Amino acid sequence: MSELSYDVVVVGTGGAGFAAAMGAADEGLRVLMLESTDKWGGSTAMSGGGMWLPNSPLMQRDGIGDSREEALAYLEATVGDDYRATSRERKEAFVDGIEDFVTTAEKYGMSFVRSTDYPDYYPELPGGKIGRAIEVDPFDSKKIGSWWKTTRALMPLPLKTDDVWLLARAWSTPAGFVRGASFVFRTLGGAVQGKRRVGTGAALACSFLDIVVQKQRTELWLSSPLRGLVVTDGRVTGVQTVRDGKPVTITATRGVVLAAGGFDHNTVLRQKYQGVDGNPSGNPGNVGETIEMTEDLGAAFELMDDAWWGASVEPLPGAGAGFLVSERSMPHSIIVDSEGDRIANESESYVDLGHHMLEHDKDGTYWLLADARHAHRYLRTYAMDPRANKAMVEAGILVKASTLPELARGMGIETSRLKATIERFNGFARSGVDADFGRGNSAYDRYYGDPMVHPNPNLGPIEKGPFTAFKIVLGDLGTKGGVVTDADARVLREDGSVIEGLYAAGNVSASVMGRTYPGPGSTIGPAVVFGLRAARHMGRSTR
């Protein structure tokens with residue numbers, strides 16, 4: 001067994017891991033990154049790439065009113081203070097660490113832009129705002145050379161987070177058409193220049209790799225899973241891993257950062273803590289092994305029963321679940337349960353909708369039902385592949401019908417029950433007021449609505465055939481429970497003492513966002529901030 005020594009070992013290559021590695025190298029420390037799979041980037045590379053960072057330097061530069069006090073007031077109003085992970089100290093550490101992350105990343109060449117139109121998910125609450133999320137400008141992935149071949153990024157297109165709300169209605173509104181044309185020209189312009197520009201999570205991950213691996217010269221090992229933590233006199237002093245099939249022990253003189261994601265793809269742990277197998281949309285390498293390893297050290301856990309929930313189209317065998325964001329907010333559609341009843345505001349935050357599905361019937365069947373206008377006017381990401389659509393029909397995931405009674409029979413729902421639900425909803429659509437669930441009341445709801453539909457951009461009657469119904473399941477973007485950490489991302493025991501030398505950030509740790517989702521990018525935002533805070537603490541350490 002060979003032995004090596006570094007100042008810092010980072011386990012995981014998502015946003016949290018890269019931020020920790022960037023910060024540690026910025027502190028002048030020698031860093032090694034370990035990735036358990038043959039692809040780097042984690043769920044970050046697969047994601048929308050947005051980071052919810054209130055009161056960021058970008059907000060200040062644009063002269064947008066925001067402040068530390070407003071950010072904290074909003075976090076108190078949305079998150080509360082029910083857990084150690086959501087303590088006031090941790091919320092302050094998150095808000096206070098944002099400037100350091102942005103300015104450090106910019107120093108090494110990361111180019112950020114604000115998602116100017118994207119609202120917080122509860123903008124009407126105290127401290128709520130619009131435009132707090134930031135993302136990386138489309139990045140030329142050719143800059144990272146052969147590393148692109150092993151990225152976990154899904155979409156090699158220069159898509160931006162703030163494109164999505166308009167592209168979804170590119171055929172139904174003038175603004176959507178203009179944004180669609182802009183996106184096409186952006187894509188073609190990059191190709192003409194010989195660039196391979198990528199956006200969203202791919203841009204963030206590639207920009208991180210360019211900084212950490214290419215500019216800071218940090219080593220990154222693929223297919224090197226964590227096999228154990230080395231502990232000396234109660235302090236974590238290194239790790240055991242595998243490289244090229246051979247065991248390696250690595251000393252970490254300043255510390256080990258766990259940033260390996262949650263346990264969303266581990267059905268045993270999901271049944272143990274959540275009572276579901278799960279329908280995850282995140283990194284398949286997230287199996288929770290690192291979380292389990294900390295149990296032997298006495299690490300405290302919180303929020304293990306929770307996840308970044310949301311509604312997803314039921315996956316075909318061997319495929320991933322299709323997480324729903326904009327489509328469920330568009331007019332001329334509703335979500336119903338197996339009895340044909342609505343259960344919630346379809347346009348609410350995906351975590352809230354997921355919680356409502358979980359509470360209503362966690363293993364139940366749900367349907368996203370729509371009329372022809374929903375199919376013809378709006379971009380439906382889950383229905384773009386004709387071959388997949390055919391397979392979904394054969395699997396009973398997609399039902400098509402020319403009439404609503406025929407659709408009900410195909411869904412296995414009593415015709416009169418579904419008819420009553422739709423008639424009631426159609427009345428709300430005509431009046432503009434959803435008297436049952438308040439759909440369209442919030443600025444967040446309306447962000448993904450259709451302003452050409454009146455009197456409520458989220459409500460449109462369901463009456464024009466042909467009709468479609470897609471089977472919906474409880475999905476997620478990852479689990480949000482894990483080890484409890486302090487303001488500097490140090491892992492804590494149940495008695496509140498620190499496990500020296502061990503840090504954690506991202507979904508391997510219990511989220512500072514608690515059981516909610518304050519704004520777009522509330523997963524990656526805290527992940528990068530606490531990853532960097534871990535690095536800063538190790539930089540101050542003398543051991």
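## Three places in a predicted model

Leaving aside residues up to four places away in sequence, Asn-266 touches Asn-286 and Val-287, where contact means heavy atoms within 4.5 Å. The model is a predicted one, in which local features need pLDDT of at least 70 and side-chain atom pairs count only at pLDDT 80 or more, while totals for chains, interfaces and linings use all residues. Residues are numbered from 1 along each chain as its sequence is written, and side-chain values use heavy atoms, with hydrogens and water left out.

Asn-266 lies in the loop between strand S11 (246–258) and helix H9 (267–274); helices (H or I, at least four residues) and strands (E, at least two) are DSSP runs, numbered from the N terminus. The side chain of Asn-266 reaches the backbone nitrogen of Leu-269 at 3.0 Å. Such a polar contact is a pair of N or O atoms within 3.5 Å; within protein, one must be able to donate a hydrogen and the other to accept it, and residues adjacent in sequence count only if both atoms are side-chain atoms.

Helix H14 (residues 404–411) has Leu-407, Ala-408 and Met-411 as buried residues. They cover an arc of only 100° around the axis, which puts them on the same side of H14; the arc is that of the directions from the helix axis to the C-beta atoms. Among the elements that cover these buried residues of H14 are strand S16 (366–370) and helix H15 (415–431). At the N-terminal end, Thr-403 caps H14, with a side-chain oxygen 3.2 Å from the backbone nitrogen of Glu-406. Gly-412, whose phi is positive, near 75°, follows H14.

Two residues are set side by side below; buried means under 20% relative accessible area, exposed over 50%, and partly exposed in between (1.4 Å probe, protein chains only).

| Residue | Relative accessibility |
|---|---|
| Asn-266 | 15%, counts as buried |
| Met-411 | 7%, counts as buried |

Met-411 touches, among residues beyond four places away in sequence, Val-336, Trp-367, Leu-369, Val-399, Leu-418 and Ala-469.

A further part of the model concerns two helices. The axes of helix H1 (residues 15–26) and helix H5 (residues 88–107) come within 11 Å and cross at roughly 70°, the axes being lines fitted to C-alpha atoms, for helices over the stretch in contact, with angles that run from 0 to 180 degrees between N-to-C directions. That makes H1 roughly perpendicular to H5, since angles of 65 to 115 degrees count as roughly perpendicular, under 35 as roughly parallel, over 145 as roughly antiparallel and the rest as oblique.
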